[in-house]
Amino acid sequence: MELPFAESFKIKMVEPLKRSTREEREKWIKEAKYNLFNLRSDQVFIDLLTDSGTGAMSDRQWGAIMTGDESYAGASSYFNMKNAIKNILGFDYFMPTHQGRAAENVLFSVLVKEGDFVPGNSHFDTTKGHIEFRKAHAVDCTIDEAADTELYHPFKGNVDPVKLDNFLKDHKDKVPFVIVTITNNTAGGQPVSMANLKKVREICSKYGKILVFDSARFAENAYFIKVREEGYANKTIKEIVKEMMSYADAMTMSSKKDAIVNMGGFIAMRSYELWRECSTFNIMFEGFVTYGGMSGRDMNALAVGLDEGTEFDYLETRIKQVEYLGNRLKEFGIPFQYPAGGHAIFIDANKVLPNIPKEELRAQTLAVELYVEAGIRGVEIGTLLADRDPDTHENRYPKLELLRLAIPRRVYTNNHMDVVAVALKNVFDRRTQITKGLKIVWEAPIMRHFTVEMERA
Ligand code: F0G
């Protein structure tokens, strides 16, 4: 008999979870203005709000914490991080930042000017926010297949090379760089193929444009290349990562994802000139160039995390857990972005709750229903996240209206995944009775989803 699959780790430290009743959750979510960001973590049983900074560090990482060097300048921890970035990602220059959006802030302070256009594949909200805050525009060139949640495509995160080339042909003077997000979070944690990265590189070179990778989940992307793309099955994850990164001029990193730390980020680049230009902003916003908002111990843990995060056994355990949840949902007929992404399952709220008017926030309504059902916290990736158009101030209704269930790294077991699947089934079974959604009563002018306040419509 073939042995079943099991996790490539064992558990050394645990944290208790609190259960609650439906009545308590009804009260808490009302007090939270139906915004799941406003809940206290002890009001949540299974927290799938994000996979960012929520992973469990390994014993090796905790060991590295103890040997962190907290010197203001030139700490050995900085050099540990520098070596890991050079060895694993291949970049000569880098600077730490406190997280991914800080890396965007520093890099975009150098590169983005008012009136610019930055093409890419479904920019993440902070990326788009940092572009639009500078009165520039994010241009989405993701392949059309990404918008069809039922369609199988091995690399749904891909950039459409024709859309990109056409855009550059017409607007090249207003484009400072192209950004490719790997994996493509907003489209469902979907990977970008090596062939596509190579093609985008060719297009950027043709127009003389810098290519930046938003690399938060680059290792998960490499796993999908290994298991899905021809010619990569026998390559190691580290070999694949090296090739992926060879096509980029620079990368921004939220280390809270694939470097498996609770806080941290960086910018890495090939050009010393670009490094020098960024360093002024880094010192102003983040800290001196050898710590950039990170403590020495965290830089040490990050260096180890980059190494562990690019090992096949770790990635296989990680991505198989996400796939396991996807398979359970498939059994129950619950529609989600298919195939399962690397870090999360994205439920198609347009298909689950079509009776709710889109103005009443279908995905957010589903998120609230799931919380009330079982204390599970997901996050809306839909109309709230899409924000209003900065020029017209009209709501933007994205093609995909999703409830994301992000799985923290090395944190939950498949028993937890079973609870999530059954809770969703229970909501799904009573979906026709859910006819009223939510109404916004207050919102911030930008990135409203974090602080928006709502009531039942
Ligand atoms: N880019 C991508 C693709 C991301 O998913 C995130 C964060 C960032 C950049 C910003 O990084 O949080 O370290 O400042 N994503 C988290 C999420 C918040 O839940 O998907 P950060």
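Colleague: At what angle do helix 4 and helix 5 pack, and how far apart are their axes?

Modeller: In this predicted model, helix 4 and helix 5, the latter spanning residues 125-132, pack at an angle of about 30 degrees. Their axes are 10 Å apart.

Colleague: Is helix 4 roughly parallel or oblique to helix 5, and why?

Modeller: Helix 4 is roughly parallel to helix 5, because angles under 35 degrees count as roughly parallel.

Colleague: Is that crossing right-handed or left-handed?

Modeller: Helix 4 passes helix 5 in a right-handed crossing.

Colleague: Which residues meet there?

Modeller: From helix 4 they are R101, E104, N105 and F108, and from helix 5 they are T126, T127, H130 and I131. Sorted by class, this contact of helix 4 with helix 5 has 2 nonpolar, 4 polar and 2 charged residues.

Colleague: Turning to helix 10, at what angle does its axis cross that of helix 4?

Modeller: The two axes cross at roughly 125 degrees and come within 9 Å of each other. Helix 4 covers residues 100-111, and helix 10 covers residues 272-285. That angle makes helix 4 oblique to helix 10. The crossing of helix 4 past helix 10 is right-handed.

Colleague: Which residues make the contact between those two?

Modeller: Helix 4 contributes N105, V106, L107, S109, V110 and L111. Helix 10 contributes L274, E277, C278, F281, N282 and F285. In terms of class, the contact of helix 4 with helix 10 has 8 nonpolar, 3 polar and 1 charged residues.

Colleague: Which residues lie on each side of it?

Modeller: A250, T252 and S254 are on one side of strand 7, with M251 and M253 on the other. Both faces are covered.

Colleague: Does strand 6 pair with strand 7 in the parallel or the antiparallel sense?

Modeller: Strand 6, residues 210-214, pairs with strand 7 in the parallel sense, over 3 bridges.

Colleague: Another topic: in what order do the 3 strands of the open sheet come?

Modeller: The order is 9-12-11, with antiparallel pairing. Strand 9 (344-348) and strand 11 (379-381) are the edge strands, each of which pairs on one side only. On average, neighbouring strands of this sheet are turned by 35 degrees against each other, direction ignored.

Colleague: How many bridges join strand 11 to strand 12?

Modeller: These antiparallel strands are joined by 3 bridges, and strand 12 consists of residues 402-406. The bridge partner of V379 in strand 12 is R404.

Colleague: Which helix lies across strand 9, strand 11 and strand 12?

Modeller: That is helix 14, residues 362-374, which runs at about 45 degrees to strand 12.

Colleague: Last topic: where is E331, and is it buried or exposed?

Modeller: E331 is found in helix 12, which covers residues 312-331. E331 counts as exposed because its relative accessibility is 57%, and exposed means over 50%.

Colleague: What separates the C-alpha atoms of E331 and A421?

Modeller: They are separated by 9.6 Å, while the two residues are 90 residues apart along the chain.

Conventions:
Residues numbered from 1 in each chain as written. Predicted model: local features only at pLDDT ≥ 70, side-chain atom pairs only at ≥ 80, totals over all residues. Heavy atoms only, no water. Axes fitted to C-alpha atoms, helices over the stretch in contact; angles between N-to-C directions. Helix = DSSP H or I, 4+ residues; strand = E, 2+ residues; numbered from the N terminus. Parallel < 35°, antiparallel > 145°, perpendicular 65-115°, else oblique. Left-handed = near helix turned anticlockwise from the far one by under 90°. Contact = heavy atoms within 4.5 Å. Nonpolar A, V, L, I, M, F, W, Y, C, P; charged D, E, K, R; others polar. Buried < 20%, exposed > 50% of the residue type's maximum accessible area, 1.4 Å probe, protein only. Pairing = 2+ DSSP bridges.
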